[in-house]
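Please open the model in your viewer and keep the selection tool at hand. This tour goes from one stop to the next, saying what to select and what can be found there.

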Amino acid sequence: SAPQVGANVQRMARIADALQHAETDLKDTLKLGAVAQWHEQQCIRTLSKSLARQRDKDEISEEQKAAAKEMQARRAQQIKELYDYEMAQYERELASKGLVVYRQG
C-alpha cells in the first residue's frame, strides 16, 4: 500500500499532544499544591504559635517535596513509554516497507 501522506506530521502531533497533556497535568498539580499549601498555612496560623507551626510547616514541606519528586518520576515514565510506543510504531511502518532503523553499538 502507498505510504500515508502526513504520517510523520500526525505522529509528531500525537507526541506534542501527549506532552501538552502531561504539562497541563503538571501545572494542575502544582496549582493544587499551592492551594493546599495556602490552606495549610491558614490552618497553621490559627494553631498555637511556634512549635506547632514549625512542625506542620516541616511536614508540609516534606510532603510537597515527595509529591514533586513522584510527579517528575511519573511524567518521565509516561514520556518514555510514549516515545517507546512511537518508535515501535515507526519501526513497524518501516518494516512494512522492507526498511529498518540502523542502530550503532
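Which side chain meets that of glutamate 91 in a salt bridge? Select arginine 103 together with glutamate 91, and you will find the two side chains meeting in a salt bridge at 2.2 Å, N to O, where a salt bridge is a side-chain nitrogen of Lys or Arg within 4 Å of a carboxyl oxygen of Asp or Glu. Before going on, note that this is a predicted model, in which local features need pLDDT of at least 70 and side-chain atom pairs count only at pLDDT 80 or more, while totals for chains, interfaces and linings use all residues. Residues are numbered from 1 along each chain as its sequence is written, and side-chain values use heavy atoms, with hydrogens and water left out.

Glutamate 91 lies in helix H2 and arginine 103 in the segment after H2, so the pair ties together parts that are 12 residues apart in sequence; helices here are DSSP runs (H or I, at least four residues), numbered from the N terminus. At 53% relative accessibility arginine 103 counts as exposed, whereas glutamate 91, at 27%, counts as partly exposed. For these words, buried means under 20% relative accessible area, exposed over 50%, and partly exposed in between, with a 1.4 Å probe and protein chains only.

Next, select glutamate 86 and arginine 14, whose side chains meet in a salt bridge of 3.4 Å, N to O. Glutamate 86 lies in helix H2 and arginine 14 in helix H1, so this pair ties together parts that are 72 residues apart in sequence. Glutamate 86 is buried, with a relative accessible area of 5%, while arginine 14 is partly exposed at 40%.

Now move to glutamate 23 and arginine 75, where the side chains meet in a salt bridge of 2.7 Å, N to O. This pair also links distant parts of the chain, since glutamate 23 is in helix H1 and arginine 75 in helix H2, 52 residues apart.

For the last stop, select glutamate 40, which lies in helix H1 (residues 7–46) and is partly exposed, with a relative accessible area of 39%. Then select isoleucine 60, which is 20 residues from glutamate 40 in sequence and 7.8 Å away in space, C-alpha to C-alpha.

Technical notes: Helices (H or I, at least four residues) and strands (E, at least two) are DSSP runs, numbered from the N terminus.
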